[in-house]
Amino acid sequence: MILYPAIDLKDGQCVRLLRGEMSAATVFGDDPAAQAAKFEASGCEWLHLVDLNGAFAGQPVNAAAVEAILARCTVPAQLGGGIRDMATIGMWLEKGLSRVILGTVAVENPALVREAARAFPGKVAVGIDARKGFVATKGWAEETDVQATDLARSFEDAGVAAIIYTDIDRDGAMQGPNIEATEALARAVTIPVIASGGVSRMEDLIALRDTGVIAGAISGRALYDGAIDLATALLALKA
């Protein structure tokens, strides 16, 4: 199972939100590229980047910070937030991103996801963010009546590289991930599923790995707070 350290970008800074609330942001640093380099030095295989302002604006906002990370680091990075058309997808992949994450647009324009996955094989992931099993969009500000599992299944034949499943109520709350819901989703589809939201200690990572069906896990606040030591966690997951 791959551990993805998260760098959430708001106004050019590294932050973590509590349950997706922009007003509940904790700033962890004003040099995202330096933070990314620290994660890389600890041995991570991937970086998970989120343009929080972009998720609300519907277009890239923290592009300078993302570009600085790409210039400084050699490990592959995936980015979500405000990527809602082919031009933006192409632009980010040309700039060196290894994978783009499509969230809101996966609900509102699933045909775009299919087109992108065909055009850029292996480079398009779907972000499914859910509250009590139902998908939320536009930076989690809008709730839908679409069930997370139904949305995931609808992309089974689209060729997407991964599904990033976030339980919003667990995100940034340090209360542990929703292992049951994430495992159920992973068993419902053949697409690799990456768990996000609530990963707050080593035991969470081991529990996710031990399901045998979850391909990756994203952690942010726990790494910044020191609740999880990245180098130690990476070694443990390889064991």
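## A loop residue to start

K132 sits in the loop between β7 and β8, the latter covering residues 134-137. The model is predicted. K132 counts as exposed because its relative accessibility is 71%, and exposed means over 50%. The backbone at K132 has a positive phi of about 55°, although K132 is not a glycine.

K132 also gives a sense of distance across the chain. K132 and C73 are 59 residues apart in sequence. In space, their C-alpha atoms are 36 Å apart.

## The chain as a whole

The secondary structure comes to 11 helices and 12 strands. The radius of gyration is 16 Å, close to the 18 Å that the globule rule gives for 239 residues, so the chain is as compact as a globular protein of that length. Along its principal axes, the C-alpha trace spans about 40 × 35 × 35 Å.

Buried residues make up 53% of the 239 residues.

## The cavity

How many cavities of 30 Å³ or more does a search of the whole structure find? The search finds one. Of the 41 residues that line the largest cavity, the closest to its centre are H48, V50, D129, W140 and T166. The volume of this cavity is about 550 Å³.

By class, the lining has 17 nonpolar, 17 polar and seven charged residues. Helix α2, residues 52-57, supplies the largest share of the lining, with three residues.

## The annotated aspartates

The UniProt record, an unreviewed entry, carries the annotation "active site" for D8 and D129. The lining of the largest cavity includes D8 and D129.

D8 is placed in strand β1, residues 2-10. Is D8 buried or exposed? D8 counts as buried because its relative accessibility is 5%, and buried means under 20%. Leaving aside neighbours within four places in sequence, D8 is in contact with Q13, C14, V15, R16, V50 and L52. One of these partners, V50, is also among the residues closest to the centre of the largest cavity.

D129 lies in strand β7, residues 124-131. With a relative accessibility of 16%, D129 counts as buried too. Which residues does D129 contact, leaving aside its neighbours within four places in sequence? They are F134, V135, A136, W140, T166 and I168.

## Around the β1-β2 loop

D11 is in the loop between β1 and β2, where β2 covers residues 13-18. D11 counts as exposed, at 54% relative accessibility. Phi of D11 is near 55°. That is a positive value in a residue other than glycine. K132, in the loop between β7 and β8, also has a positive phi of about 55°.

A64 lies in helix α3, residues 63-72. A64 counts as exposed, with a relative accessibility of 62%. A64 and G12 are 52 residues apart along the chain. Their C-alpha atoms are separated by 7.7 Å.

## A buried loop residue

T211 is placed in the loop between α9 (202-210) and β12 (216-219). Is T211 buried or exposed? T211 is buried, with a relative accessible area of 12%.

What does T211 touch, not counting residues up to four places away in sequence? The partners are I179, E183 and R187. T211 and I179 are 32 residues apart in sequence. In space, they are 8.5 Å apart, C-alpha to C-alpha.

Key. Residues are numbered from 1 along each chain as its sequence is written. This is a predicted model: local features need pLDDT of at least 70, side-chain atom pairs count only at pLDDT 80 or more; totals for chains, interfaces and linings use all residues. Side-chain values use heavy atoms; hydrogens and water are left out. UniProt positions are given in the numbering used here, feature names are shortened, and annotations may be inferred rather than shown by experiment. On a 1 Å grid over the protein atoms alone, a cavity is a set of points where a 1.4 Å probe fits but cannot get out, and a pocket is an open set with protein on both sides within 12 Å along at least five of seven lines; lining residues have an atom within 4 Å of a point. Helices (H or I, at least four residues) and strands (E, at least two) are DSSP runs, numbered from the N terminus. Buried means under 20% relative accessible area, exposed over 50%, partly exposed in between (1.4 Å probe, protein chains only). Contact means heavy atoms within 4.5 Å. Grid points are joined across faces, edges and corners, and a volume is the space filled by probe spheres set on the points. Ala, Val, Leu, Ile, Met, Phe, Trp, Tyr, Cys and Pro count as nonpolar, Asp, Glu, Lys and Arg as charged, and the others, Gly among them, as polar. The radius of gyration is taken over C-alpha atoms; the globule rule is 2.2 Å times the number of residues to the power 0.38.
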